[in-house]
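Here is a short report on one protein chain.

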Amino acid sequence: MCDLLIRDLFVENATDADAVVGVRVRADGERVVDRTVYAAAGADARIPTAVPPAGAIRVAATVDGEERRWTPARCPARGPIVVRVADGGVEIGSRSVEAMTATLTPSQTESA
């Protein structure tokens with residue numbers, strides 16, 4: 001187990017069009033989130049306390065039939081998990097509490 005933090009899940013829509021985002025999160029193999037988020041253009045949605053403390057986290061997001069998956073190689077940053085819809089596609093990563101305005105770290109984002 002990485003830590004005892006319960007993480008929020010943010011869905012950010014950085015585009016100028018509304019987006020329908022399917023979000024799924026597994027923590028230690030158990031599905032903890034499986035929902036559709038309707039994100040208005042330029043808006044953010046927060047799912048509080050969505051990701052429990054876990055040894056293994058896997059996040060998947062689908063927008064317009066494009067799926068991305070993210071499994072951190074080590075513990076995610078001490079902050080929320082972020083799914084970001086951008087003009088170039090979907091990015092997933094974690095953001096530290098200290099750098100909430102920093103750029104995402106989707107270093108292990110992969111195509112489905």
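Predicted model: local features only at pLDDT ≥ 70, side-chain atom pairs only at ≥ 80, totals over all residues.

## A pair of strands to start with

Begin with strands β1 and β4. β4 covers residues 44–51, and the two strands pair in the antiparallel sense over five bridges.

Look for L9, which stands opposite I81 in β7.

β7 and β8 pair in the antiparallel sense, over six bridges. In that pairing, V85 stands opposite V90 in β8. Strands of a sheet pair through backbone hydrogen bonds, either parallel or antiparallel.

## The whole chain

Now step back. The chain has nine strands and zero helices. Along the sequence, the pattern reads β-β-β-β-β-β-β-β-β.

The chain has 112 residues, and 40% of them are buried. Take the contacts between residues at least 6 apart in sequence: 57% of them join residues at least 24 apart.

## Strand β1, buried throughout

Why does β1 count as largely enclosed by the rest of the structure? The strand spans residues 7–13, and seven of its seven residues are buried, so the rest of the structure largely encloses it. R7, L9, V11 and N13 point one way from β1. D8, F10 and E12 point the other way, and the residues of both groups are all buried.

D8 lies in this strand. Its relative accessibility is 16%; the cut-off for buried is under 20%, so D8 counts as buried. The side chain of D8 makes a polar contact with the side chain of R46, at 2.8 Å. Beyond its sequence neighbours up to four places away, D8 touches R46, I47, P48, T49, A50, P80 and I81.

## The nonpolar core

The largest nonpolar core holds 21 residues. Which of them touch the most other members? They are L9, V21, V23, V25, V59, V83 and I92. The elements that give two or more residues to this core are β1, β2 (19–27), β3 (30–39), β4, β5 (57–63), β7 and β8 (89–94). In soluble globular proteins, nonpolar side chains tend to be buried together.

Look at L9 again. Leave aside its neighbours within four places in sequence, and L9 is in contact with V23, V25, V33, A45, R46, I47, A50, I81 and V83.

## T62 in strand β5

Turn to T62, found in strand β5. Is T62 buried or partly exposed? With 24% relative accessibility, T62 counts as partly exposed. The side chain of T62 makes a polar contact with the side chain of R24, at 3.2 Å.

Not counting residues up to four places away in sequence, T62 touches V20, V21, G22, R24 and E67. T62 and G89 are 27 residues apart along the chain, and their C-alpha atoms are separated by 9.7 Å.

## Two loop residues with positive phi

Most residues other than glycine have a negative phi. Two residues go against this pattern. D28 has a phi near 50°, a positive value. D28 sits in the loop between β2 and β3.

D64 also has a positive phi, near 50°. Where is D64 found? D64 is in the loop between β5 and β6, where β6 covers 66–70. At 79% relative accessibility, D64 counts as exposed.

Technical notes. Residues numbered from 1 in each chain as written. Heavy atoms only, no water. Helix = DSSP H or I, 4+ residues; strand = E, 2+ residues; numbered from the N terminus. Buried < 20%, exposed > 50% of the residue type's maximum accessible area, 1.4 Å probe, protein only. Contact = heavy atoms within 4.5 Å. Pairing = 2+ DSSP bridges. Core = buried A, V, L, I, M, F, W, Y, C linked by side-chain atoms within 4.5 Å. Polar contact = N/O pair within 3.5 Å; in protein donor to acceptor, adjacent residues only side chain to side chain.
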